[in-house]
Amino acid sequence: MAFVQFSQVSLAFGDRDILKDVSVNLQAGTKAALTGANGAGKSTLIKVMAGLAKPDSGQRVVQKNTRIGYLPQSGLTHSGCTLLEEADRAFQFGYDMQAEIDRIGDELTANPPNTATLVERQSELITELDESGWHRRGAQAESVLLGLGFTREDFARQTEEFSGGWQMRIALAKVLMQQPDILLLDEPTNYLDIDARAWLEQFLQSYKGGFLLVSHDRYFLDVTINEVYELFNGELKHYAGNFTHYEDVRKVELKTLIAAYEQQQQEIQHLEDFINRFGAKATKAAQAQDRQKQLDKIVRIEIPESLKQIHFTFPPAPHAGKLVLRMNGITKSYDGVHNVIDNLDLTLENGERLVVTGHNGAGKSTLLRIIAGEDRNFTGEIIPGAGVQTGYFSQDSAETITGSRSIVDYVEGIAPFELVPKVRGMLGAFLFRGDDVFKSLNVLSGGEKSRVALLQLLLRPVNLLVLDEPTNHLDMHSKDVLMDALEDFGGTVVFVSHDRGFIEGLATRVLELTPGHFRNFPGDYRYYQERLEAERAGTVGEFSMGTTSAGSGTEAGGSVLASPSFSEQAQNAGQSSWEEEKRRKADRRRLEKDVERIEQQIGETENQKKALEERMARPEVYSDGEKCRQIQKNISELAAKLDELNAQWECAAEKIQ
């Protein structure tokens, strides 16, 4: 069986340990994720596994004839040939094997003395080549390229014509075409739209080899992997189960870790206070030195940055009426011939979370620019509601982030007064941690500027947020922070995203765009996906093309794919189903908040009880009968309160199940 095995691998950069005695075994059937905070060394570990970086110590063992495929995060480009010709280069291993088979055949014609050895080697190569799928390389290349979003028209295009994101899709396609025994993928979803991600999910689910991947897409990980490796402080820890299960287990571990961390911090603070108070006094110098030795011996507990709880809220959204925006007959064309958006009608109400979906080129970003007022070159009418104030984010927003000021000075300068104390935490949530906050704006990468631009938008008091791919360049923790803030946002959100988990957590309505057409689906993204599955299976009719009013069943341009009466019934049924799901989710959120509130009360009560018990242990208290009786009475009351709170917690938690 093909495998790659690492035993006690260590690697350091200067005085920092990146890997410390790491051991892991990857083999056929492995479906694993590698996680850890930014800068933890995930990419370095994958390079070591791929044989591209050499560790300082330890052993890397690769089974004979094991083929390893590796995809870096970025930086790969292709030129000088067509897309299909570049794809064929992925099969060079097969051409090399075929050449060796032919060479051995030529040698055998001369009846050499080692005929048996040559025949055995040739047989091995033929078997290996057959099992690799090389003889089916044409069909394999076509299947992978189409699955990742290329069209047949792209096959004859020169590779240098493709943009950076598509260049990385080419690189990913080549790795997948090879069908290696072990796949090492570093952020493979970075440049994929939601359809290409769905295809990659299915590819990995049925993949016969083993793979280890890094991704910040929780949904993608949950449906593709069954084990997680976490890299933290150079050490690698294994968790069975999908990514959500890993997070649940890690949260329990984190509670214990935080308790130990807080206890250690108290001990450190006590020692430091003593040293600061008495270190300069001759009579206490020896004791201060002893405390310093104790302090130096403490092995500091660290909490993973990615698991620290950071939360912030938007400034209160300015008041707006129920109607936020009405669009009538919006039509947009770039060449005057083909309409990217054709006669679109849309009504947006206060509090909605509208996700715009569709293939690349369907007009998603164009529509968002029109809604945000960035693009006024269209026909049709836009009627904004009273008091609407719009905030817009796109990847182009990064171009406005310039200057010599530091990140923290820049953000504090534009933050509302009440949010200034929270700026450091918010910067941390968007991956600017430690000394990163003092970087000059002029030296930031495009991704870093995009994160600053997103944070800048979140500081402004607006009631309509228009977000084009807001989760790009964010890790999973930062996405969660953004999601929490958007869920608590008191205004309306229109957004485009390729992160399915983010969409499912936020969207309350789906607008589907296809070139020149649109369909409006009431309900969240999961309902939308279920509806599409039912349409493909033929169990329900399709919504009418061009329908924009949720539940209306009216035709507004484009061909009608179902009779109006049936479409209206289907939409009404969908509306009812969605409203029921919406009520269920609202009830669950209410229960979860109740549980959170009770847990907070339990924690506060336990702290009060613990403080009284510590006070009871003092000589001046337990020697005083009256004080002792009063404190004991208070302790009993708190114990009774704890019993009541625990009962309330059990009841509320049970309802969530």
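**Reading a helix pair, confidence and an aromatic pair**

Analyst: In this predicted model, Ile 268, Leu 271, Glu 272, Phe 274, Ile 275 and Phe 278 of helix H9 meet Ala 285, Gln 287, Ala 288, Arg 291, Gln 292, Gln 294 and Leu 295 of helix H10, where contact means heavy atoms within 4.5 Å. By class, this contact of H9 with H10 has 8 nonpolar, 3 polar and 2 charged residues.

User: At roughly what angle do the axes of H9 and H10 cross?

Analyst: Axes are lines fitted to C-alpha atoms, for helices over the stretch in contact, with angles from 0 to 180 degrees between N-to-C directions. Here H9 (residues 243–278) and H10 (residues 285–297) have axes that come within 9 Å and cross at roughly 150°. That makes H9 roughly antiparallel to H10, a label used for angles over 145 degrees.

User: What pLDDT does the protein average?

Analyst: pLDDT is the predictor's confidence in each residue, from 0 to 100; the protein averages 83, and 89% of the residues score at least 70. Over residues 547–571, however, the pLDDT is below 50, although this stretch has 55 contacts in the model beyond near neighbours in sequence.

User: How many aromatic pairs does the count come to?

Analyst: Rings of Phe, Tyr and Trp (its six-membered ring) pair if their centres lie within 6.5 Å, and planes over 60 degrees apart count as edge-to-face; the count comes to 10 aromatic pairs. Among them, Phe 150 and Trp 166 are edge-to-face, at 5.0 Å centre to centre with 65° between the planes. Phe 150 lies in the loop between helix H5 (137–147) and helix H6 (164–177) and Trp 166 in helix H6, so the pair ties together parts that are 16 residues apart in sequence.

Technical notes:
Residues are numbered from 1 along each chain as its sequence is written. This is a predicted model: local features need pLDDT of at least 70, side-chain atom pairs count only at pLDDT 80 or more; totals for chains, interfaces and linings use all residues. Side-chain values use heavy atoms; hydrogens and water are left out. Helices (H or I, at least four residues) and strands (E, at least two) are DSSP runs, numbered from the N terminus. Angles under 35 degrees count as roughly parallel, over 145 as roughly antiparallel, 65 to 115 as roughly perpendicular and the rest as oblique. Ala, Val, Leu, Ile, Met, Phe, Trp, Tyr, Cys and Pro count as nonpolar, Asp, Glu, Lys and Arg as charged, and the others, Gly among them, as polar. Rings of Phe, Tyr and Trp (its six-membered ring) pair if their centres lie within 6.5 Å; planes under 30 degrees apart count as stacked, over 60 as edge-to-face and the rest as tilted.
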